[in-house]
There are 2 protein chains.
Amino acid sequence: MHTQRLAARGEPCQGKRELTKLRNRETLIAAATDIFLEKGFEATTVRDIVNATDLALGTFYNYFADKEALFAAIVDEHIGRVAESVREFRRKATSQAEFVRFGYEAYFRGLAANPVSFELARRHETSIGSLNRIPMFCLAMEHLVEDIDDAKTRGWLPDADSEYIAAAFVGVGHEISRVMVSRRPLDPDYAARFAAALFHAGLCELPRN
Amino acid sequence: MHTQRLAARGEPCQGKRELTKLRNRETLIAAATDIFLEKGFEATTVRDIVNATDLALGTFYNYFADKEALFAAIVDEHIGRVAESVREFRRKATSQAEFVRFGYEAYFRGLAANPVSFELARRHETSIGSLNRIPMFCLAMEHLVEDIDDAKTRGWLPDADSEYIAAAFVGVGHEISRVMVSRRPLDPDYAARFAAALFHAGLCELPRN
């Protein structure tokens, strides 16, 4: 993932040591993701994670202070990836309907593409605390309020309370995604259609500023 | 609160010992609420809570196993009170508009009437974990799905996915309430008008089953 991103940005090839670092970090993250899901966060030790790789115990601490830090890195990376894609799609919108629909499509598809990571975050909400403590989540909320203000100046959204619109938008997405991931087959497009239909019609009726 | 409820239900007066029990429990809950808010959950000890009352340390353990149990009782009671009032108001509805509006009004007013308790729950989401682990919250969600199914048979709601409608309804309420309690003056009626307007218009456009 990281190496792909770097390559895509056309940056010069990394030195061997840099690549080893990235690989070790990813190896630890991948091993931890599996073991957290299997044994649960509380029961997992740093040694369990390291034993599932070919790395030495001491190496772990070059990358993470403890298992909490590793877990936070997993969640932060996951939220960051989904948030980046949501914003990218939202910015392609040329109307209110697209603004709402593109955002939800990217969000639900992003979660459906990586249900393991979502499930992990959901199960361990106790460990990481509320979403509002994750910097990536707060950043994503700020971006949403910015994009809503921008959409208002383009005339796509009514001049209603931007913070409330953002809160409602995220609340619908978050709660519906909980139900979505509990169903089989995973159907992110239905979830997006549902959330977008609700939101799109509702926006027109909001109390104005 | 408890004694009022019992009286309102027309049950016979409690014996002196029963009343003392209820009072002790309420005394501990009231003291703990203040101290949790002041010092934070982590830094608070059972001794701190007991010292703020005229009870003996040993008495605490007649009521709660530890401070986590006391905190869970605070949150459960708060959610239970709000959920009871929401359901009661929702049941007075005679149309879709009322079904949506009455529910949100009772919810936001309930939170605004007791912002301390809400703030406490919000700050300590790490300690209590996600809302989905609180039995009262799960019960309230089940009741909402039941009421939505009932409203559908009366023709007030479209024949769309009840679980998704419930999730979206709660998501909008929960996220908007976070913003509402951060603003002064507290304005639950504006929050209710906003959420109800969004939801009411949106419902008509949902994909049908």
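What does chain A average in pLDDT, and what percentage of its residues score at least 70?

1. Confidence in chain A. The model is predicted, and chain A averages a pLDDT of 84, with 87% of the residues at 70 or above; pLDDT is the predictor's confidence in each residue, from 0 to 100. Helices here are DSSP runs of H or I with at least four residues, numbered from the N terminus. Over residues 1–10 of chain A pLDDT stays under 50, and for this stretch the model has 14 contacts beyond four places in sequence, a contact being heavy atoms within 4.5 Å.

2. Conventions. Residues are numbered from 1 along each chain as its sequence is written, while chains are lettered from A and ligands numbered from 1 in the order in which they are written. In this predicted model local features need pLDDT of at least 70, side-chain atom pairs count only at pLDDT 80 or more, and totals for chains, interfaces and linings use all residues, while side-chain values use heavy atoms, with hydrogens and water left out.

3. Helices α9 and α10 of chain A. Helix α9 (residues 135–153) of chain A packs against helix α10 (residues 162–180) of chain A at an angle of about 125°, their axes 9 Å apart. Axes are lines fitted to C-alpha atoms, for helices over the stretch in contact, and angles run from 0 to 180 degrees between N-to-C directions. The angle makes α9(A) oblique to α10(A); under 35 degrees counts as roughly parallel, over 145 as roughly antiparallel, 65 to 115 as roughly perpendicular and the rest as oblique. On the α9(A) side the contact includes F137(A), M141(A) and L144(A), and on the α10(A) side I165(A) and F169(A) are among the residues involved. The contact residues divide into ten nonpolar, one polar and two charged. Ala, Val, Leu, Ile, Met, Phe, Trp, Tyr, Cys and Pro count as nonpolar, Asp, Glu, Lys and Arg as charged, and the others, Gly among them, as polar.

4. Helices α10 and α11 of chain A. The packing angle between α10(A) and helix α11 (residues 188–203) of chain A is about 155°, and the axes are 10 Å apart. That makes α10(A) roughly antiparallel to α11(A). Residues of this contact include I165(A), F169(A) and I176(A) of α10(A), together with F194(A), L198(A) and F199(A) of α11(A). The division is 13 nonpolar, no polar and no charged.

5. The peptide bond from R184(A) to P185(A) is cis, with omega near -5°, and P185(A) is found in the loop between α10 and α11 of chain A. In chain B, a cis peptide bond likewise joins R184(B) and P185(B), with omega about -5°; P185(B) is found in the loop between α10 and α11 (188–203) of that chain. Most peptide bonds are trans.

6. Helices α6 and α10 of chain B. The axes of helix α6 (residues 96–113) of chain B and helix α10 (residues 162–180) of chain B cross at roughly 35° and come within 11 Å. Y104(B), Y107(B) and F108(B) are among the α6(B) residues that meet α10(B), where the partners include F169(B), G173(B) and H174(B).

Definitions and conventions:
Helix = DSSP H or I, 4+ residues; strand = E, 2+ residues; numbered from the N terminus.
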